[in-house]
Structure formats: structure tokens, C-alpha cells
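User: I'd like to learn how to read helix packing and sheet layout in a model like this one. Could you take me through it step by step?

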Amino acid sequence: MASVSLMRIIDKMKLENLTPEIDITGIKITQPDINRPALQMAGYFEHFEATRLQIIGFVEYTYMASMEEERKSFIYEKLLSNDIPGIVFCRELKPDPKFMEIAVKNKVPVLTTKKATSAFMAEIIRWLNVKLAPCISVHGVLVDVYGEGVLITGESGIGKSEAALELIKRGHRLVTDDVVEIRKVSDDTLIGTAPDITKHFIELRGIGIVDVKTLFGVSSVKDTQNIDLVIRLEDWDKDKEYDRLGLEEEYTEYLGNKVVCHNIPIRPGRNLAIICESAAVNHRQKKMGYNAAQELYTRVQNSLARRRDEEDER
């Protein structure tokens, strides 16, 4: 199961640790959801998701302040006796001494942030969704072409890295070569990243490893990219029928998400970089509501209809 350490969350979100005496090195977050314990402060502990990161905003804070001391001791003890990975107070709110005492006794880290509650919740959920998303690794090259994430796949040695290098020289950006880590952050979105070891490197047979960031500058690389389109390169087969209109989309599937896929036959003289650029622009155009293949089909149908009308008039 994927997990993120609490220490990494503290560093990423710039949180202040109010309980430095508690050892947090082994604390892990395993789900992207968070919980605001307003109902728990009111005494309702059924269906309490204690394994989530707990967020306390201004509403919960003012309710805590209004409780009597005896009630505070009871609720705090019941809340903090659970195996909670951490509690974050937003808006730089500071918990009362009784809360801190019981939190330290139960070894529950207490953190604080300057951010407003809603803004912090949105940011932490988005970040955790990416870090804890289901992940697979595939063999291919991921390039940002005109803002579209193009995943180029195919057998080893077919020319994926060479196509990516030509795209980079034409002003597009490399995300990763050889190994693409794909994360499913939602039912509609797949995000591709590079393994830390091979980030910004391309392997070219006969030359070796090329550092794209050093050769072409920081504008030629990107850390993450949505995967919008898959281009599968394959050797040209003269006996195979290839789609020449593109009226019906073909798809491939990763982690249960469908992505538009084009099978591109390779033969000498075909410029892969231009083909990838054209595929990306055409895909972008389809998303904006224009389909060139459908437009051609409509023109042909209208032409045939006019001819039939002219023949009928004769």
C-alpha cells in the first residue's frame, strides 16, 4: 500500500510542529482523505476515521474553547486515544494546554499552519491524491507537445527516444524517457512522471545517455504531465489495413482509465516528430469540438445528396 510519511507532509506544507518531543519518523499517511473532527468534539465517535489526518479550523476551535474543563478532558481523551497520525490547526490557531497535555501523553503529533482551513484542505487533498494514487510503470517516452501529454510506446529500438529528441529540439518538453510512472489521480486523469534515477535523461543507441536539461535548458523538461494521448509505434506491415480517416477513436487502458491511442506504422522517410505534433494538435482540436474526419464525412455526404437531387431533377 502506498504511503507518505508525516515528516514529508510537514516539509511540503511548511507546517510547524508543536510537539517536537514526539517521535514522528515512523508515522505514515495511507489515504488521501482528511477529517474535520467537529462531530467528535460534540461527542459522536461512531464511524470516526481516526487513520486520516485531522484538520481543525476556526469552527472546531471556537467550539473547543466554549467547552467546560471537565468536558474538555473527557472529549480530548476520547479523541486522542485513537491512533491518529496527526492533527493540524489552521489559521495559526494554538490548542489549549489541556489538549497539548493529552496529545503528548497519547503521542499524537500536533501541527499548525498559517493557511486558511479551506485552502489548506484543498491543497493537502490534491497533493495526497497524487502521492497515494495507484501507480504502474510502463515502457515508453512521455513528452508535453503543445500542452498535450503524448505517451510514445513501442518495441525497444523502434525510435521512441529519437522522436522525443526531435520534439525537444522543436520546442516541446520531455517528462521521462524509457520508464513512465503512471498514477491514476481520478477516474478521468492519469499523470505521468519520471523515476528519480532517470529524470531528464534520454538514452540514444550508439551515443549513450544524454542529459536533456543540461543540453537544451530547463525549458526543455517537465516533472509531471497529464497523459492525454498514446502513440504506439510499430513496424510497417504492407498486409495490414491502417486507419486512414480516423472516424472512430481507438483506446488503450491504464489503471482502468481509457486513453485515445493511435497506431503509427514506421518506415523510412516518415518524420515521427511531425506526426506526433500533428496527432497532438488534432487531439486538442477534437477536444475543442472540431473533428476533421467528421467534417470530411459530412462534406462527402452532402456532395452525394446534391448529386442525387440533381439526377432527380433531370
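Analyst: Happy to! Let's begin with axes: they are lines fitted to C-alpha atoms, for helices over the stretch in contact, and angles run from 0 to 180 degrees between N-to-C directions. Helices (H or I, at least four residues) and strands (E, at least two) are DSSP runs, numbered from the N terminus. This is a predicted model, in which local features need pLDDT of at least 70, side-chain atom pairs count only at pLDDT 80 or more, and totals for chains, interfaces and linings use all residues. Residues are numbered from 1 along each chain as its sequence is written, and side-chain values use heavy atoms, with hydrogens and water left out.

User: At what angle do helix α1 and helix α6 pack?

Analyst: The angle between α1 (residues 6-13) and α6 (residues 117-131) is about 130 degrees, and their axes are 12 Å apart. Angles under 35 degrees count as roughly parallel, over 145 as roughly antiparallel, 65 to 115 as roughly perpendicular and the rest as oblique. That makes α1 oblique to α6.

User: Which residues make the contact?

Analyst: Contact means heavy atoms within 4.5 Å. From α1 come R8, I9, K12 and M13, and from α6 come F120, E123, I124, W127, L128 and K131.

User: Now the sheets. What is the strand order in the open sheet of 6 strands?

Analyst: Two strands pair if DSSP finds at least two bridges between them. Here the order is β11-β9-β10-β17-β19-β18, with mixed pairing. β11 (173-176) and β18 (251-254) are at the edges with a single partner strand each, so one side of each is left without a neighbour in the sheet. From one strand to the next, the twist averages 35 degrees.

User: Which helix lies across β9, β10, β11 and β17?

Analyst: That is α7 (residues 160-169), running at about 25 degrees to β9.

User: How confident is the predictor, and where is confidence lowest?

Analyst: pLDDT is the predictor's confidence in each residue, from 0 to 100. The protein averages 91, and 99% of the residues score at least 70. Helix α10 (residues 292-313) is lowest at a mean of 84, while strand β6 (residues 87-89) is highest at 97.
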